[in-house]
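Have a look at the structure first.

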Amino acid sequence: MQGKLLIGGMERASFIDFPGMVSAVVFTRACNLRCGYCHNPLLVRETERSFVGEEEVIAFLNDRRGLLGGVVVSGGEPTLQPEALAAFLRRVRAMGFATKLDTNGTRPEVLARLIEESLVDYVALDFKDLPEGYAELCDMREEASVIASSIAILRRSGLAYELRTTVVLPRHDEARLTAMARQLQRGERWFLQRYRPGDVLAQSADFTAPDRAALNQLAERFRAEFGLDCASR
Ligand code: SF4
C-alpha cells in the first residue's frame, strides 16, 4: 500500500541547497548508513513516525507557489521510501516546483526510476570515501559497488548533478582525497564540504575539521590536475 512520506522536518526557505533558486528542504526520516559525523542523528535513529505530516508540507508549498523555485528532498535517506518518495515528488512537480534529491547513493535502482519518470531535476550524491572505506566510515552493509552504480546512472542521465564529500580528518587526508579524485571524470562537479563539529552521531569519535584554506587549495589542485569542477564549502 502506498503510504505518506515519513518526514522529520522542513526548512522553509534555503538559499544554498538548490543551485540557482530559493527552495524548501524536506528532511525524510531514517537512514541505512551510520556515518559517525552525521549531523542528523535524530533523523537517522528514529524511524517510526513523522515529525511533520506530508499534507502539512504540501499545504505550505501550495502557499509558496511563485515564491519558491524548488523543493529539495534530503534526509535521512529519501530513497528508503521509494513509493512514497515518488508520489511526493509527483505532487510537488504538479505544483510547478523544480525538484532536487539529496541521496547517499545506496539505492541506485530507486534513483534510476525517479530519473526515468522525470521526477528530479538535480541530484546531489554523496561520494563519501573510496569504495573499500564505506563499511568502516558509515557502517555500510550494502555492496560498495552500489555507489559506483549510482554515479554511473547520473553520468548517463543528462541531468545536472553534483558529488559531495564531507571531509573529516584524520580520515580524508590528501592521499585519500587524491585517490577519490582519480575516480571522477573531467568536468564532474565535486564539492569538498568541511566537517563541522557539533551534535553528531558518534559523539565519542575523534573527528577534526579540515583547515578552510587547505581545503580550498586542494580543490584548486584537483581542478588543475584532474580537470574536475571541484570546490570547497
Ligand atoms: S550523513 Fe550518513 S548517516 Fe547521516 S543521513 Fe547522511 S548517509 Fe545517513
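How many aromatic pairs does a search of the whole structure find? The search turns up 6 aromatic pairs, and keep in mind that this is a predicted model.

Take F18 and Y122: their planes meet at 45° and their ring centres are 6.2 Å apart, so this pair is tilted. It also links distant parts of the chain, with F18 in strand 1 (residues 7–18) and Y122 in strand 5 (residues 122–126), 104 residues apart. F18 is buried, with a relative accessible area of 4%, and Y122 is buried with 5%.

Another tilted pair is made by F222 and F226. Both of these residues lie in helix 8 (residues 212–226), 4 residues apart, which is about one turn of the helix. F222 and F226 are both buried. Ring pairs also tie F222 and F226 into a cluster with F127 and W190.

| Pair | Centre to centre | Angle between planes |
|---|---|---|
| F18 and Y122 | 6.2 Å | 45° |
| F222 and F226 | 6.0 Å | 45° |

Rings also meet charges here. R29 lies over the face of F51, 4.2 Å from the ring centre, while the charged end of R233 sits over the ring of F191, 3.9 Å from its centre.

Now for the ligand. Where does the ligand sit? You'll find it in the largest pocket. Around the ligand are C31, L33, C35, C38, V44, G76, N104 and K128. By class, that shell has 5 nonpolar, 2 polar and 1 charged residues.

Notes. Residues are numbered from 1 along each chain as its sequence is written. This is a predicted model: local features need pLDDT of at least 70, side-chain atom pairs count only at pLDDT 80 or more; totals for chains, interfaces and linings use all residues. Side-chain values use heavy atoms; hydrogens and water are left out. A residue is near a molecule or strand if one of its heavy atoms lies within 4 Å of it. On a 1 Å grid over the protein atoms alone, a cavity is a set of points where a 1.4 Å probe fits but cannot get out, and a pocket is an open set with protein on both sides within 12 Å along at least five of seven lines; lining residues have an atom within 4 Å of a point. A molecule sits in a cavity or pocket if more than half of its atoms lie within 2 Å of its grid points. Ala, Val, Leu, Ile, Met, Phe, Trp, Tyr, Cys and Pro count as nonpolar, Asp, Glu, Lys and Arg as charged, and the others, Gly among them, as polar. Rings of Phe, Tyr and Trp (its six-membered ring) pair if their centres lie within 6.5 Å; planes under 30 degrees apart count as stacked, over 60 as edge-to-face and the rest as tilted. Helices (H or I, at least four residues) and strands (E, at least two) are DSSP runs, numbered from the N terminus. Buried means under 20% relative accessible area, exposed over 50%, partly exposed in between (1.4 Å probe, protein chains only). A charge sits over a ring if NZ of Lys or CZ of Arg is within 6 Å of the ring centre and within 35 degrees of the ring normal.
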